[in-house]
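User: Can you walk me through this one? I would like to start with the overall picture and then look at some residues.

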Amino acid sequence: MPHQNSPLRDRIRYGSPVHSAAIRLFAAVCLASSLLACTPSLYSVNLQYEPSAILIPAADKGQKMIITVALFNDARPGGEDLQIGKVTTAAGGLYTVLPGNLKPGAAVSAIVKDILVKSGYRVSVAVPAWNLKEDAVRKDWGRILVGGNIEALEIACQSDVPIISYRSHVKLNFAFADVRTGRIFYRVTTESHNTLEHVYFTESLLGQQISSALSEAAEKAFEGDTLKEKIREVMRETP
């Protein structure tokens, strides 16, 4: 006599429709939870020197003076919270961008140092704090002092499919002082905007875009012959 499967055995072997749907729903919930758990609530990027096409005059041959770069002051509204940008998604997600290697003020000072060294100047290893007041200049800060304020430093990324938009904005104020007299002999404000549309989103691209805008804004303070001539005048007046 042929063996007949019972309804119970059928349900055990193949599973009821209700049971199968419940398993699929549970798997979907687990997958969504794991994806959300892997999504960071913030992004961390390195701020570093990214040379642009701006031409910066080289230091005069035989230049022996020492330039000291002060720690740049973060004058942005709410700058003390370190946030330098945000990433938004089509689904309504909002994520914070923070500097990973250096605080904004230290990053700007490091980039300015790199520019000066690349141009052939001798740069002090010291990075003193300076409030941009002439009576706060100390005699042991080399021959020329460079400092300034960060007025804007931000990157905004709209992460939509298929195009990812990156927009950066940097604004810096510079002050150059004659250490021997304490006099500020040159001030300049520079600004840079950077935009990119790409098919990929990465922390690396975030860092590259904001670093490029920051480097360009810093380089603009040294382009042309204006600053170089003013430094020559200072050296002639107070050798």
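What follows is a short chat about this structure.

Analyst: Keep in mind that this is a predicted model.

User: How many helices and strands are in the chain?

Analyst: The chain has 5 helices and 9 strands. Read from the N terminus, their order is α-α-β-β-β-β-β-α-β-β-β-β-α-α.

User: What percentage of the residues is buried?

Analyst: Of the 239 residues in the chain, 41% are buried. The accessible surface is about 13,500 Å², and carbon and sulfur atoms account for 56% of that.

User: And what share of the contacts is between residues 24 or more positions apart?

Analyst: Among contacts with a separation of 6 or more, such residues account for 73%.

User: Which residues in the largest nonpolar core touch the most other members?

Analyst: Those are Val-112, Leu-172, Phe-174, Phe-176, Leu-206 and Phe-222, in a core of 47 residues. Helix 4 gives the largest share of this core, 7 residues. In soluble globular proteins, nonpolar side chains tend to be buried together.

User: What does Leu-206 touch?

Analyst: Leaving out residues up to four places away in sequence, the contacts of Leu-206 include Tyr-43, Val-45, Val-87 and Val-97. Ile-155, Cys-157, Tyr-166 and Phe-201 are also among them. There is a second, separate core of 10 residues, and Ala-70, Leu-132, Ala-175 and Ile-184 are among its members.

User: Now the rings. How many aromatic pairs does the structure hold?

Analyst: The structure holds 9 aromatic pairs. One of them is Phe-174 with Phe-222: the ring centres are 6.1 Å apart and the planes are at 80°, so this pair is edge-to-face.

User: Where do Phe-174 and Phe-222 lie?

Analyst: Phe-174 is in strand 8 (residues 164–178) and Phe-222 is in the loop between helix 4 and helix 5, so the pair ties together parts that are 48 residues apart in sequence. Phe-174 and Phe-222 are both buried.

User: What about Phe-176 and Phe-185, how is that pair arranged?

Analyst: The pair of Phe-176 and Phe-185 is tilted, with 6.5 Å centre to centre and 45° between the planes. Both Phe-176 and Phe-185 are buried. Ring pairs also link Phe-72, Phe-174, Phe-176, Phe-185, Tyr-186 and Phe-222 into a cluster.

User: Changing topic: is Thr-68 buried or exposed?

Analyst: Thr-68 is buried, because its relative accessible area is 1% and the cut-off for buried is under 20%. Thr-68 sits in strand 2 (residues 66–69). Its side chain reaches the backbone oxygen of Trp-141 at 3.0 Å. Beyond residues up to four places away in sequence, Thr-68 touches Ser-124, Ala-126 and Pro-128, among others.

User: Last one, His-198. Where is it found?

Analyst: His-198 is in strand 9 (residues 184–198). At 26% relative accessibility, His-198 counts as partly exposed. A polar atom of the His-198 side chain lies 3.0 Å from the backbone nitrogen of Tyr-200.

User: How far apart are the C-alpha atoms of His-198 and Ser-165?

Analyst: The separation is 6.5 Å, although His-198 and Ser-165 are 33 residues apart along the chain.

Methods:
Residues numbered from 1 in each chain as written. Predicted model: local features only at pLDDT ≥ 70, side-chain atom pairs only at ≥ 80, totals over all residues. Heavy atoms only, no water. Helix = DSSP H or I, 4+ residues; strand = E, 2+ residues; numbered from the N terminus. Buried < 20%, exposed > 50% of the residue type's maximum accessible area, 1.4 Å probe, protein only. Contact = heavy atoms within 4.5 Å. Areas by Shrake-Rupley, 256 points an atom, 1.4 Å probe, with all protein chains shown as cover. Polar contact = N/O pair within 3.5 Å; in protein donor to acceptor, adjacent residues only side chain to side chain. Phe/Tyr/Trp six-rings, centres within 6.5 Å; stacked < 30°, edge-to-face > 60°. Core = buried A, V, L, I, M, F, W, Y, C linked by side-chain atoms within 4.5 Å.
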